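Subject: Structure handover

Hello,

Here is the structure I promised to pass on. Please open it first, then read my notes beside it.

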2 protein chains.
Amino acid sequence: MNKLLVLRILSVLTWITAIILLIPAGVALIYREEAAFLAFIQVAVPTGIIGALLFWLTRKSGITLSNHDGFLVVTLSWITVAALGALPFFLTGAIPNYTDAFFETMSGFTTTGATILTDIEGLPRSLLFWRSFTHWLGGMGIIVLTVAIFPLLGFKGLQLVRAEAPGPSVDKLTHKITHSAKILWLLYIGLSAIETVLLMVAGMNLFDALTHTFGTMATGGFSPRNASVAAYNSVAIDIIITVFMLLAGVNFVLYYSVITGRFRTVLRDTELKVYLGIFAAATAVTTVALHGETYRSWGESLRYASFQTASILTTTGYATADYLYWPGAAMAVLFLLMFVGGCAGSTGGGIKVVRLTALFKQGINEMSYLLHPRGVFSPHMNRTPLKKTMLLGITGFFFLYFLLLLLTTLVVSFSGESLLTSFSTALATLGNIGPGFDTIGPTGNYAAFPRGTKWFLSAIMLIGRLEVFTVLILFTPRYWRK
Amino acid sequence: MNKLLVLRILSVLTWITAIILLIPAGVALIYREEAAFLAFIQVAVPTGIIGALLFWLTRKSGITLSNHDGFLVVTLSWITVAALGALPFFLTGAIPNYTDAFFETMSGFTTTGATILTDIEGLPRSLLFWRSFTHWLGGMGIIVLTVAIFPLLGFKGLQLVRAEAPGPSVDKLTHKITHSAKILWLLYIGLSAIETVLLMVAGMNLFDALTHTFGTMATGGFSPRNASVAAYNSVAIDIIITVFMLLAGVNFVLYYSVITGRFRTVLRDTELKVYLGIFAAATAVTTVALHGETYRSWGESLRYASFQTASILTTTGYATADYLYWPGAAMAVLFLLMFVGGCAGSTGGGIKVVRLTALFKQGINEMSYLLHPRGVFSPHMNRTPLKKTMLLGITGFFFLYFLLLLLTTLVVSFSGESLLTSFSTALATLGNIGPGFDTIGPTGNYAAFPRGTKWFLSAIMLIGRLEVFTVLILFTPRYWRK
Ligand SMILES: [K+]
Ligand SMILES: [K+]
């Protein structure tokens with residue numbers, strides 16, 4: 001293991017964090033929030049110095065990072081930024097204990113949006129800005145990870161990248177991986193700018209428009225308002241956010257295809273079709289279930305149904321309605337969507353549509369074999385056969401994900417929570433969704449969990465965000481051998 | 001398709017059912033239950049005549065049944081016996097509508113044990129005997145299916161048989177498949193006899209001992225008592241049933257190994273180790289969770305914990321305690337066990353230990369690949385590498401099972417049930433467990449579900465019992481092509 005280089009990469013991340021912290025410091029200046037400004041500076045300055053010092057100390061590290069070390073670097077990166085990013089919350093006393101501050105920040109950087117805050121609006125504006133900004137940075141991180149870092153480090157085996165292979169592959173997109181990451185970043189920034197403008201046109205001020213854009217584009221879900229998006233009670237805002245949540249859940253590589261005029265690639269994309277199909281079906285069922293029960297008109301039913309299904313499907317977690325009071329069938333639809341997630345190459349979490357599609361096709365394929373034992377069948381996606389090794393990789397991911405869900409349920413249940421709270425907490429944290437059912441419903445929060453549970457859930461959010469394998473591999477004896 | 005032969009096999013089943021119905025008719029005579037006696041005879045006589053007539057009419061069918069037709073025969077067999085077996089309940093008025101009678105009988109033959117009865121003890125003894133007897137016959141059917149019929153029909157692709165291959169395979173057991181089925185039947189009957197005697201020694205009368213043995217050995221769970229096994233409040237009975245539930249959940253082929261002195265095969269069996277490990281771990285956690293909360297002493301905690309974990313793990317569904325009032329962690333353990341099930345080649349349902357073990361090993365294997373992309377790794381079981389095609393078969397099964405769970409949750413939720421009721425109903429019916437949480441807890445029942453839901457759940461119990469593929473394959477267009 002090239003320990004020096006691992007440290008060097010973390011040092012770069014540390015001083016980048018220091019520089020980024022100057023942005024919320026600037027926001028604190030604007031709003032004349034002195035205590036918050038001092039806290040941001042108090043963290044930024046020593047962080048910057050330590051980062052620079054570490055960068056200088058590790059100058060002889062060399063530049064070759066092995067596949068092997070990559071898993072550790074990626075995992076430690078997220079832990080480092082969460083640990084540093086939590087400090088302003090803690091130092092200002094806005095979140096009085098570090099466990100909660102760390103949980104909230106990890107929830108931000110993993111784009112989970114699970115909160116321990118009971119009165120969000122009580123926080124200084126600059127801290128709320130920073131809270132939402134962690135989402136946006138985390139989403140950016142995920143895009144680099146999936147499109148640039150994973151292939152760069154040779155993470156060919158990593159499921160997400162593998163799962164993308166049948167689609168417009170990273171290689172096809174552009175031969176220079178860093179180039180493609182830049183393009184996708186520009187797309188991410190461009191879409192964010194458009195959403196911010198649209199939200200302002202719909203009546204939000206710049207602060208609210210920015211923070212909600214951060215939460216939308218990263219499929220994060222933190223809102224600076226206690227009532228989430230319901231606070232605005234605006235049809236226009238609901239529609240804009242619904243559309244942009246859905247856009248954020250799409251494989252970003254497809255946007256590049258659109259820009260370069262390859263519409264055929266987009267129209268043929270199996271994952272996109274299934275993703276939109278699931279959204280349409282879920283919205284239809286929910287609308288029917290809500291109509292006449294929760295809302296009088298079809299229009300209202302459709303409005304709230306489409307927002308909530310888009311929010312859960314894309315793993316964003318914004319709310320315009322407390323679905324805990326919805327009819328059983330509408331709740332069940334949202335519960336089912338918690339097992340899905342966004343598309344691969346999006347900022348969405350969860351199991352992801354591409355994996356579920358591949359597994360479904362494998363299930364059907366198996367029945368063809370049963371009928372014709374000597375036949376040769378292969379599930380296809382985007383007109384390409386799915387390789388056995390790829391399917392087995394998805395199988396491994398899916399089963400470990402399922403196992404982590406059960407383990408998390410058990411751990412949460414030990415804090416005395418109901419079965420539904422425990423299981424939906426598992427779904428909401430591992431899938432980076434945020435809200436769930438019962439205690440952690442859309443108007444609930446994670447405040448009441450014991451300290452140990454919060455640390456455990458922070459780890460689960462990270463494991464889910466880093467596609468399970470990246471973190472779990474560090475716990476295998478094989479990783480530390482030799 | 002050899003339609004004549006399909007009909008002929010069903011005709012054999014029909015007159016066998018007619019003959020078997022004479023047994024509860026005899027029980028009705030003993031207890032002088034005239035109405036019930038008449039009902040059994042009213043069903044048995046025309047059924048026997050129709051069966052014999054059909055057998056004669058199909059005499060020119062030939063004797064070659066294709067792999068293809070086997071799926072239909074097996075599915076129709078279960079439907080036929082359930083449809084006929086439901087008639088005595090319906091004709092006596094003990095279960096006044098046919099939907100409920102069919103549900104109860106399908107629940108019996110699939111060894112699910114989900115009941116629509118609200119006052120079980122109100123039924124005539126002969127009907128209660130018949131109700132429990134359907135379990136025992138269903139269990140016998142499953143043993144023939146897994147050990148004799150599936151391989152005989154060339155169901156090589158069928159997951160369960162495939163999953164058994166790494167263990168002491170059916171072929172190794174004995175070259176004559178029908179012979180091995182007979183041996184396993186004798187084992188099933190022998191174990192049943194031992195349990196009956198032990199239960200009588202522990203204080204049960206012959207009727208109670210027999211019916212509870214039927215429910216135990218088939219991992220069925222129907223009890224002739226409203227309070228299930230709790231009605232006896234006997235430590236000895238609890239221990240006997242706990243042990244025999246566990247025995248019923250073991251691969252029956254292993255008993256043959258014991259008899260023929262091949263202890264090594266048994267001791268090396270990966271599935272058995274995992275199965276017992278899960279039971280031990282689940283019991284330990286539950287005992288700790290119960291101690292000081294629900295029960296004062298460690299002994300009591302262990303007694304109720306071990307019974308309930310064995311009951312759910314083996315998918316039996318007997319109860320000595322209402323676990324809905326247990327602490328969250330104890331409930332969560334039972335919830336987790338609902339995803340497991342018995343061993344392959346047992347009468348237990350669920351996903352089954354062998355499949356989960358294989359999938360877990362595949363998950364670990366995938367991480368080895370990530371670390372050493374050019375290495376060659378293969379998950380092993382019973383010291384034999386697991387083939388890729390086998391793992392993909394298990395993957396197909398696991399995903400379709402997961403999808404059916406979600407679909408069933410949605411369907412049940414439409415009847416206005418809570419999310420926990422809906423999801424646990426899915427687990428309890430597809431996994432052939434019987435009880436679940438909320439409305440369908442250990443002291444609850446399935447009475448309140450709407451008619452359509454009951455038919456749907458009857459289908460789900462059958463799909464689960466026949467290892468998913470057998471039934472689902474009939475719904476693929478490929479099955480009916482040509
Ligand atoms: K989220
Ligand atoms: K059962």
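Below is what turned up, topic by topic.

Keep one thing in mind from the start: this is a predicted model.

**How the two chains relate**

Start with the whole picture. Two copies of a chain are related by a rotation about an axis and a shift along it. Here, chain A is superposed on chain B by a rotation of 180°, with 0.0 Å of shift along the axis. The RMSD of that superposition is 0.0 Å. The two copies are thus related as by a two-fold rotation axis. Both copies also use the same surface: 100% of the contact residues of chain A recur in chain B.

**The potassium ion**

Next, go to ligand 2, a potassium ion.

The spacing reads T-T-x106-T-G-x94-T-T-x115-N-I. Take B:Thr111 and B:Thr219, which are 108 residues apart. B:Thr111 is in the loop between helix H6 (98–109) and helix H7 (125–152) of chain B. B:Thr219 is in the loop between helix H11 (206–217) and helix H12 (235–248) of chain B. Are these two residues buried or exposed? Both B:Thr111 and B:Thr219 are buried.

**Aromatic pairs**

One of the pairs is A:Phe129 with A:Phe214. Their centres are 5.6 Å apart, with 75° between the planes, and the pair is edge-to-face. This pair links distant parts of the chain. A:Phe129 is in helix H7 and A:Phe214 in helix H11 of chain A, 85 residues apart. A:Phe129 has a relative accessible area of 7%, so A:Phe129 is buried. A:Phe214 is buried too, because its relative accessibility is 6%.

Now compare a pair in chain B. B:Phe90 and B:Tyr98 have ring centres 5.7 Å apart and planes at 80°, so this pair is edge-to-face. B:Phe90 counts as partly exposed, at 32% relative accessibility. B:Tyr98 counts as partly exposed as well, at 25%.

**A charge over a ring**

Look at A:Arg8 next. Its charged end sits over the ring of A:Phe55, 3.9 Å from the ring centre. In chain B, the charged end of B:Arg8 sits over the ring of B:Phe55, and that distance is 3.9 Å.

**Salt bridges**

The search of the whole structure finds 14 salt bridges over all chains. Here are some of them.

- A:Arg131 and A:Glu104 meet at 2.7 Å, N to O. A:Arg131 is in helix H7 and A:Glu104 in helix H6 of chain A, 27 residues apart. A:Arg131 is buried at 2%, and A:Glu104 is buried at 1%.
- A:Asp238 and A:Arg303 meet at 2.7 Å, N to O. A:Asp238 lies in helix H12 and A:Arg303 in helix H16 of chain A, so the pair ties together parts 65 residues apart in sequence. A:Asp238 counts as buried at 2%. A:Arg303 is buried at 17%; the cut-off for buried is under 20%.
- B:Lys352 and B:Glu467 have their closest N and O atoms 2.8 Å apart. Both residues lie in loops of chain B, and the pair ties together parts that are 115 residues apart in sequence. B:Lys352 and B:Glu467 are both buried.

There is also a network. Salt bridges that share partners join A:Glu121, A:Asp208 and A:Arg225.

**One buried serine**

Last, find A:Ser126 in helix H7 of chain A. What is its relative accessibility? The value is 0%, so A:Ser126 counts as buried. Which residues does A:Ser126 contact, leaving aside neighbours within four places in sequence? They are A:Pro24, A:Val27, A:Ala28, A:Glu33, A:Ala36 and A:Phe40.

Best wishes

Methods. Residues are numbered from 1 along each chain as its sequence is written. Chains are lettered from A and ligands numbered from 1 in the order in which they are written. This is a predicted model: local features need pLDDT of at least 70, side-chain atom pairs count only at pLDDT 80 or more; totals for chains, interfaces and linings use all residues. Side-chain values use heavy atoms; hydrogens and water are left out. Copies are superposed by least squares on the C-alpha atoms of residues with pLDDT of at least 70 in both. Contact means heavy atoms within 4.5 Å. Rings of Phe, Tyr and Trp (its six-membered ring) pair if their centres lie within 6.5 Å; planes under 30 degrees apart count as stacked, over 60 as edge-to-face and the rest as tilted. Helices (H or I, at least four residues) and strands (E, at least two) are DSSP runs, numbered from the N terminus. Buried means under 20% relative accessible area, exposed over 50%, partly exposed in between (1.4 Å probe, protein chains only). A charge sits over a ring if NZ of Lys or CZ of Arg is within 6 Å of the ring centre and within 35 degrees of the ring normal. Donors are N, O and S atoms within 2.8 Å of the metal (3.2 Å for Na, K and Ca); water is not among the atoms, so sites may look incomplete. A salt bridge is a side-chain nitrogen of Lys or Arg within 4 Å of a carboxyl oxygen of Asp or Glu.
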